[in-house]
Amino acid sequence: MKNKSLSFWLFLGPVLISLCVVVLVPLIYGFIFSFTDWTGLKGSNFIGLENYVDLFKDKEFLQSIWFTTKFAVVAIILLNVIGLGLALLVTRKLKSSNFLRTIFFMPNLIGGLILGFIWQFIFINVFDGVGKLLHMEWLSGWLSTTETGFWGLIILTVWQWAGYIMIIYIAYLEGVPQELIEAAEMDGANSFQRFRNVTFPLIRPAFTVCLFLTLSHSFKMYDQNLSLTAGGPFNSTQMVAMEIYKTAFNENLMAFAQSKAVIFFIIVAGIGLTQVYFNKKKEVDL
Amino acid sequence: MKKKKRNLLILEIVGLLLALLWLSPFYIMIVNSIKTKKEIFSDVIGIPEEWTFENFSNAFIDLDFIHSFINSLIITIFSVGIIIIFSAMAAYALQRNKSKLSGMIFFIFVAAMLIPFQSVMIPLVSLFGKVEMLNQVGLIFMYLGFGSSLSIFLYHGSLSSVAVSLDEAATIDGANKWQIFWRIIFPILKPISVTVGILNVIWIWNDYLLPSLVLNEQSATIPLKMFFFFGQYTKQWHLALAGLTIAIIPVIIVYFFAQKHIIKGVSDGAVK
């Protein structure tokens, strides 16, 4: 019996230690020093809730949360509509079906940082060139305003992530029994009715998965933000993750940044827990 | 029936047009990486009359590409290797042990998936800085900590379909836990190991933020080097685009050979 528990801990040891050192201890340690005025140097004082009071007066932080929320809402809608659209397209019996999946998924394999740089060139130089050629002024000056920065980030995210969302929808679409679709066809349902009344209810769990995936992905986004707009102009396209980074490592307000990180943790973990709740509910329904 | 065929043809064309749209950023990147600075200014869309490969050799040298490629390779191989080995072992211990404590530890691992990196980033860097572990070894250890949750979760799921009678039979034959795991269980888990490996490779190979906080310029990985490189050449797009192309080529080559596994791996990882 003793031997059994020894092997249990030996098998578990490496990951348990690394999880504690890398995630759990920093989480608790960070929570504690978010109540201090630590700036990265030696010595700090306990200042109670001051950081948390200040962050609700910090315009840049509040703006980054608002910007991230707006971004998340638009990204969720577009990603799911386009992702589902692509999934429906490539699950038809097309000759190019596999080829199309490969292409649509490709951007996911490349880092957000690199993709952001490519799109920076496209938005600034290619859009401008095409705009001049076709006399469309709205194509010039992209990424130099908050508005074009926002849509630039959205276009990049949709292009990069739609293929991933597509893959998830495909997995659920392929689980829809073919007999049901055929039966509906026999009964005279057209393709829209078949989708609306047969496929759609059966792939509903996919919506929950994709919804929360895009939501938490949007909130955690950093690389694309850094390489595409770097938060500019005037920090107006700065998302939460980047705002925390800047407060910590550019302004050296470590403890203040950590209090923002705690709020950030509550938001992201809250999103995750809501998802778990919906998944559990779904299991009961089945 | 004829109408159905025509519809499929239309969809086929729509699909191919969308594929072209999806590929267009890559086209733009490549086509401009073989132009001179002047040509990019005069025509950003067309194929140049004369192809210049000088950009590539310049970018290749400035990126110190072989060096940063090896750095990326070292970090990725070691991190993913230990994630696979230790997560599989841990998941096996947790899945086979039905005690309350075991269930609680598994729950902690799963719950840790909810913790975003930025919320532990500052204390993590400060702690590792104190013990002078802001280096490659420290980074690999961090990847084990961040990567183990999802990996254990995936292994745990597929272990429940591996019959316990296999363990029992091997125990009767005199094998100890270590032997049972490596000779019997781990080989059975190969499909899920492929999934775990693929998901972690995609993440670690492309990760920018964590290495940027941990590594110095000497040991910089490709994304990190790319960031420094880009800062140097902001207004010299011919060089920057050649650099980006070089950075992407290895990924595309791997994708070309392993696309079926990759798409299946990502799909399994997301849906489970």
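Two residues are in contact if their C-beta atoms, placed from the backbone, lie within 7 Å. With that sense of contact in mind, this briefing turns to a predicted model in which 64 residues from chain B and 62 residues from chain A take part in the contact between the chains.

**Helix 3 and helix 9 of chain A**

- On one side of this pair, Thr68(A), Phe71(A), Ala72(A), Ala75(A), Ile76(A), Leu79(A), Asn80(A) and Gly83(A) belong to helix 3 of chain A, and they meet Cys210(A), Leu211(A), Thr214(A), Leu215(A), Ser218(A) and Phe219(A), which lie in helix 9 of chain A.
- Sorted by class, the residues of this contact between helix 3 and helix 9 of chain A comprise nine nonpolar and five polar residues, with no charged ones.
- Helix 3 (residues 59-90) and helix 9 (residues 204-220) of chain A have axes 9 Å apart, and they pack at an angle of about 140 degrees.
- Helix 3 of chain A and helix 9 of chain A are therefore described as oblique to each other, and the crossing in which helix 3 of chain A passes helix 9 of chain A is right-handed.

**Helix 5 and helix 6 of chain A**

- The axes of helix 5 (residues 112-134) and helix 6 (residues 146-173) of chain A cross at roughly 125 degrees and come within 11 Å, which makes helix 5 of chain A oblique to helix 6 of chain A.
- The crossing of helix 5 of chain A and helix 6 of chain A is right-handed.
- Helix 5 of chain A contributes Gly112(A), Leu115(A), Gly116(A), Trp119(A) and Phe123(A) to the contact, while helix 6 of chain A contributes Gly152(A), Leu156(A) and Gln160(A).
- In this contact of helix 5 with helix 6 of chain A, four residues are nonpolar and four are polar, and no charged residues are present.

**Where chain B touches chain A**

- On the chain B side of the contact with chain A, two or more residues come from each of helix 1, helix 4 (65-96), helix 5 (100-112), helix 6 (118-130), helix 7 (136-159), helix 10 (190-206), helix 12 (222-232) and helix 13 (237-271) of chain B.
- Helix 13 of chain B supplies 14 residues, the largest share of the side of chain B that touches chain A.
- The residues on this side of chain B divide by class into 52 nonpolar, ten polar and two charged.

**The two domains of chain B**

- Chain B is divided into domain 1, covering 2-52, and domain 2, covering 65-271, and the C-alpha centres of these two domains of chain B lie 34 Å apart.
- Eight residues of domain 1 of chain B are in contact with seven residues of domain 2 of chain B.
- On the domain 1 side of that contact, helix 1 (2-33) and helix 2 (37-42) of chain B each supply at least two residues, and helix 1 of chain B gives the most, with four residues.
- The side of domain 1 of chain B that touches domain 2 of chain B consists of three nonpolar, three polar and two charged residues.

**Spans listed by UniProt**

- In an unreviewed entry, UniProt gives the feature "domain: ABC transmembrane type-1" at residues 65-275 of chain A, and over this span the chain is 77% helix and 0% strand, with its end C-alpha atoms 20 Å apart.
- For chain B, the feature "domain: ABC transmembrane type-1" is placed by UniProt, again in an unreviewed entry, at residues 69-258, a span that is 82% helix and 0% strand and whose end C-alpha atoms lie 20 Å apart.
- The UniProt record (unreviewed entry) lists "transmembrane region" for several spans of chain A, including residues 7-32 and 103-130; residues 7-32 of chain A are 100% helix, with end C-alpha atoms 35 Å apart, whereas residues 103-130 of chain A are 79% helix, with end C-alpha atoms 25 Å apart.
- Among the "transmembrane region" spans that UniProt (unreviewed entry) lists for chain B are residues 7-30 and 106-128; residues 7-30 of chain B are 100% helix, with end C-alpha atoms 34 Å apart, and residues 106-128 of chain B are 78% helix, with end C-alpha atoms 26 Å apart.

Note on methods. Residues numbered from 1 in each chain as written. Chains lettered and ligands numbered in written order. Predicted model: local features only at pLDDT ≥ 70, side-chain atom pairs only at ≥ 80, totals over all residues. Domains from an automatic or database assignment. Nonpolar A, V, L, I, M, F, W, Y, C, P; charged D, E, K, R; others polar. Axes fitted to C-alpha atoms, helices over the stretch in contact; angles between N-to-C directions. Parallel < 35°, antiparallel > 145°, perpendicular 65-115°, else oblique. Left-handed = near helix turned anticlockwise from the far one by under 90°. UniProt positions renumbered as here; feature names shortened; annotations may be inferred.
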